[in-house]
Amino acid sequence: MTSKEIRQSFKDFFVSKDHKIVPSAPMVIKNDPTLMFTNAGMNQFKDVILGNAPIKYPRIADSQKCLRVSGKHNDLEEVGHDTYHHTMFEMLGNWSFGDYFKKEAIAWAWEYLTDELKLDKTRLYATVFEGDKSENLERDNEAAEHWEKFLPTDRIINGDKKDNFWEMGDTGPCGPCSEIHIDLRPDEERKKVSALELINKDHPQVIEIWNLVFMQYNRKADRTLEELPAKVIDTGMGFERLCMAVQGKLSNYDTDVFQPIIKKIAEISKSTYGEDEKKDIAMRVIADHVRTIAFSITDGQLPSNAKAGYVIRRILRRAVRYGYTFLNMHEGFMYKLLSALIEVMGDAYPELIAQKTLIEKVIKEEEESFLRTLETGIRLLDRQMEQHKKENNLILEGTTAFQLYDTFGFPLDLTELILRENDMTVDHEGFTSEMKKQKDRARNAAVVETGDWTKVHDGEPIFIGYDFTETDAEILRYRKVKQKKKEYYQLVFSQTPFYSEQGGQVGDSGWMTSTESDEKIEIFDTKRENNLAVHLVEKLPTNIADTFTLRIDTERRTAIEANHTATHLMHEALRKVLGNHVEQKGSFVSEQLLRFDFSHFQKVTDEEIRKVEQFVNRKIRENIAIEETRSVPLQSAKDMGAIALFGEKYDEEVRTIRFGTSIELCGGTHISSTGRIGLFRIVSEGAIAAGVRRIEAITGKACDEYIYKKEDMLVHIRELLNNTPDIEGALQRLIAENEEMKKAIYEFELEKAKSLKQSLISSKEMKDGVNVFSAVFTDVSPDIVKNIAFQLKGEFNDNLFFVVGTVIDNKPNLTVMIGEELVKKGLHAGNIIRQAAKQIQGGGGGQPHFATAGGKNADGLKLAVEEVLGNLS
């Protein structure tokens, strides 16, 4: 079976068991503060599992894109070095929410593997949770009894809490799990060593392929367990590992999931896979990483220097480094692998095909940028090695190695490789210490301590903020949160008009007032966590059980809504002015401004910006009323012309927002009519990545302030020009006069340079056959001195020693030029000037033949010149 057939067979099998097949959620997570990436199939069902969202389908199955590169689930260092770990992988899974449990999950897993895929039953093993006395948990005998229907008892293995008790996090749903392992070794090896000795021992051919999680407990903040009211089945099977088993391979990378990509890498790098272990590892790393990068970009996450974008940039750079070091790829090449990736995965994930051009451009630019950085880092390391060898020190400091790692993206092994070739080593302890400091800083900044939810009233929260700005409500639950030494509380209300931050729109702020005591508390923000709108307050009300009047800050909300609606109008305008290739890649909407990222491959011209502004302002003046529809089937919304964004996960029923010809799928809040926006202006436009531009714009009062500042600037300029009525003409005359003066100064400086040069030649001395030029000048720019030095170098056949001090605006400068023969004898202008610059309380440096320095103490300039001349003795 091909990988495509295997993926489809899984879905077909679970359809036959009455499961609803749902599409993969985006790999990049946007509305969950606890996760940057989908790292397990269950992530998109987290809200259902936690009871924060209704159960729409009790049985579900899918194939989910996952990424594991950080935190507890981090497989990055194993990727490429072993046969079965990956950064991005597909997780085949089936779920039951309060429906079937262990019996069916085990029976269907066995049926699919042995009847559908025809895997050898004698090669399969199962593990069950052995229990844990410290938590009063008994062995999972229920799972073991179901397995005994299919496996002999000696192939049902007890596993400890580490391997066979699954937890969502420090708190939340958890339970025992049962892993299915397969032994792929040749028969001769199986006879010598039993698989029982190799399970969960990181053997490359005795591997786990499927994990069946039986969620039956809830872990509380005090670490105690309570029974879940509705049991959950959550299974996950590594698609790439399954393909290895079905296709009879001994490595995931030998399956048809990876081979087309690896063959393309071999072709581009003029290498042969299978001949050199280091090159093979490099090809596997690149084949793995290009999948991660491409899918991240399709899901809207571009490489950057922050959060999820930084993770993607590091993965991309890691792949480039492997290509650079082991495949001699000193030019960008990964972008050329997209066609091979699409051949393998384009059918299952058509977003790869739709965004091929963007993915290629982003990867190409990132590769070329990093290759330049890599070259810079190598030059820095070369200088360090040269300096260390002069000092007879063959150990590079750990701080320097960490700087190479952190600033230039050098992994420690690349630094070690280059050092080894130069008979040097690195201070491992120093490097590890610097790495630990960085990790501690990041960990301390990110630590969030949350207490257990305290229940106050029964009920499920309802959002009414599309229709109301004020309501009475009760607190359903609350909890205490600690972050960066700050304490605050999260409240969940029975109903709320407060919009919680999501989809690029900031959360509402406002007030809660007790209807019993008039106690008023500020709600300083509203966030969304696990599909719950949580209201943030610095203190709890005196009586937590009261009814409260919730009222949002309507002035702030209106400003946010104006910017959000303007974003929709601008999106339509950009597509009209620039073309239908424009696609939203990100947005941010607050009361101050709107920010919009979109695909476009060149700078938006001033004329195009003006056209976009005119389009939006025309729509504002038309005062178009909002047309909102809720609970529209997704396909119907698309048929109406609503644009669905790549990287977004939509429900089967959606909300649409229409303003005239602008129609979008949107869950945010909007102004009632476009006229209330007032005015729209674009204040900046620029590139944030290859093929992606960013516009920042303002509306309403912010536009007033923007225009006032422009007007004030014009008034000030007119005053500077003696209140001339013709500002433009006066400026043009001023520029012309300035050019004339520059020309006159240039001609004067040429004459001055000729005079200074002649005086230097006249005062020239000969010392041991070398032409020595020295002087101290005032009111002479260092640039003139530099030009004179290079002229004399040519006129005197590179046989000179030149040192000139100058003072301009009370700042001393020093210039040194040394001829080639003197350089060969060991003189170094950069080293000489570095010492002499101390006389002028300054510093400098340069190349062996030419160097400059600046300082603060003009009185020491003569001594500095004399010290430089002393090097000829």
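Colleague: What makes strand β35 and strand β37 a pair?

Modeller: In this predicted model, strand β35 (residues 811-818) and strand β37 (residues 850-854) are joined over five bridges, in the antiparallel sense. Two strands pair if there are at least two bridges between them, so the five bridges here meet the requirement. Among the residues involved is Thr815, whose bridge partner in β37 is Thr852.

Colleague: Which sheet do these two strands belong to, and in what order do its strands run?

Modeller: They belong to an open sheet of six strands, in the order β32-β33-β34-β35-β37-β36, and the pairing is mixed.

Colleague: Why are β32 and β36 said to stand at the edges?

Modeller: β32 (765-767) and β36 (843-846) each have a single partner strand, so one side of each is left without a neighbour in the sheet. On average, neighbouring strands of this sheet are turned by 15° against each other, with direction ignored.

Colleague: Which strands do helix α21 and helix α22 lie across?

Modeller: Helix α21 (residues 727-762) lies across β33 (770-778) and β34 (800-808), and its direction is at about 130° to β33. Helix α22 (residues 782-795) lies across β33, β34, β35 and β37, running at about 165° to β34.

Colleague: What does Val426 touch, once residues up to four places away in sequence are not counted?

Modeller: Val426 touches Ile395, Leu396, Ala401, Leu412, Glu416 and Leu419. The separation between Val426 and Thr400 is 26 residues in sequence and 9.3 Å in space, taken from C-alpha to C-alpha.

Colleague: How many residues does the protein chain have, and what share of them is buried?

Modeller: The protein chain has 873 residues, and buried residues make up 51% of them. The chain holds 25 helices and 37 strands, and its C-alpha trace spans about 105 × 80 × 55 Å along its principal axes.

Colleague: How do you know what share of the contacts joins residues at least 24 apart?

Modeller: The count takes contacts between residues at least 6 apart in sequence, and among these 68% join residues at least 24 apart.

Colleague: Finally, how many positive and negative side chains are there?

Modeller: There are 117 positive and 141 negative side chains in the protein chain, and the centres of the two sets lie 2 Å apart.

Note on methods:
Residues numbered from 1 in each chain as written. Predicted model: local features only at pLDDT ≥ 70, side-chain atom pairs only at ≥ 80, totals over all residues. Heavy atoms only, no water. Helix = DSSP H or I, 4+ residues; strand = E, 2+ residues; numbered from the N terminus. Buried < 20%, exposed > 50% of the residue type's maximum accessible area, 1.4 Å probe, protein only. Contact = heavy atoms within 4.5 Å. Lys, Arg positive; Asp, Glu negative; His and termini not counted. Charge placed at Lys NZ, Arg CZ, Asp CG, Glu CD. Axes fitted to C-alpha atoms, helices over the stretch in contact; angles between N-to-C directions.
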